[in-house]
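Please look at the sequence and the structure before reading on.

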Amino acid sequence: IKINSNAEFMLVGSCESGAPPVEVSFVPANMVTGAAVSGVSYEMYSSYPAAFASCTDGECGTLVTSSSSSSSGENTLSVSGMTDGGWYLIVAKCSGYYKGYHQYYIDVD
């Protein structure tokens, strides 16, 4: 599974106390055909290892949030308590596919 590189991360909200969570949106796709994929679960990590490819649960860093979606198209991870921007690892999992590992810099104003 890949997360489309042309997808934009949509950051909504702010990091001020009591503000709504930051939302990160993207579209998962079949790496070979480019077709949208449904039934994907996601985990977002901070402080992940440099050699993150093929990391397993508990070895991928500090879990920030997780989510799953039964539909294809745009998916959103809602992140509470994000106080600083930084590099994050998103692991996408779906039955019948290899895991997808994607690192992104998310800037928070």
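Two strands pair if DSSP finds at least two bridges between them. Helices (H or I, at least four residues) and strands (E, at least two) are DSSP runs, numbered from the N terminus. The model is predicted, so that local features need pLDDT of at least 70 and side-chain atom pairs count only at pLDDT 80 or more, while totals for chains, interfaces and linings use all residues. Residues are numbered from 1 along each chain as its sequence is written, and side-chain values use heavy atoms, with hydrogens and water left out.

Strand E4 (residues 40-46) is joined to E5 by 7 bridges, and Ser46 stands opposite Thr62 in E5. E4 is also joined to E7, by 5 bridges in the antiparallel sense; here Ser41 is opposite Lys93 of E7. E7 and E8 pair over 7 antiparallel bridges, with Tyr104 in E8 as the bridge partner of Tyr88. These two strands form a hairpin with 6 residues between them, and Gly96 in the turn has a positive phi of about 90 degrees.

Strands of a sheet pair through backbone hydrogen bonds, either parallel or antiparallel.

**The pair E2 and E6**

Strand E2 (residues 22-26) and strand E6 (residues 75-79) run antiparallel and are joined by 5 bridges. Glu23 has Ser78 in E6 as its bridge partner.

**Burial and cores**

Buried means under 20% relative accessible area, exposed over 50%, and partly exposed in between (1.4 Å probe, protein chains only). In E2, 4 of the 5 residues are buried. Strand E7 (residues 86-93) is largely enclosed by the rest of the structure, because 7 of its 8 residues are buried.

A nonpolar core is a set of buried Ala, Val, Leu, Ile, Met, Phe, Trp, Tyr and Cys residues joined through side-chain atoms within 4.5 Å. The largest one has 14 residues, of which Val24, Phe26, Val40, Tyr42, Met44, Leu77 and Ile90 touch the most other members. E2, E4, E6, E7 and E8 are the elements that give two or more residues to this core. Another core, of 8 residues, lies apart from it and includes Tyr48, Cys55, Cys60 and Tyr101.

**Two partly exposed residues**

Pro49 sits in the loop between E4 and E5, and Tyr105 lies in strand E8. Pro49 counts as partly exposed because its relative accessibility is 29%; Tyr105 is partly exposed too, with a relative accessible area of 45%. Contact means heavy atoms within 4.5 Å. Not counting residues up to four places away in sequence, Pro49 touches Glu59, Cys60 and Gly61. With the neighbours within four places left aside, Tyr105 is in contact with Gly85, Gly86 and Trp87. The table gives a C-alpha distance for each of the two residues.

| Pair | Separation in sequence | C-alpha to C-alpha distance |
|---|---|---|
| Pro49 and Thr62 | 13 residues | 9.9 Å |
| Tyr105 and Leu89 | 16 residues | 8.9 Å |
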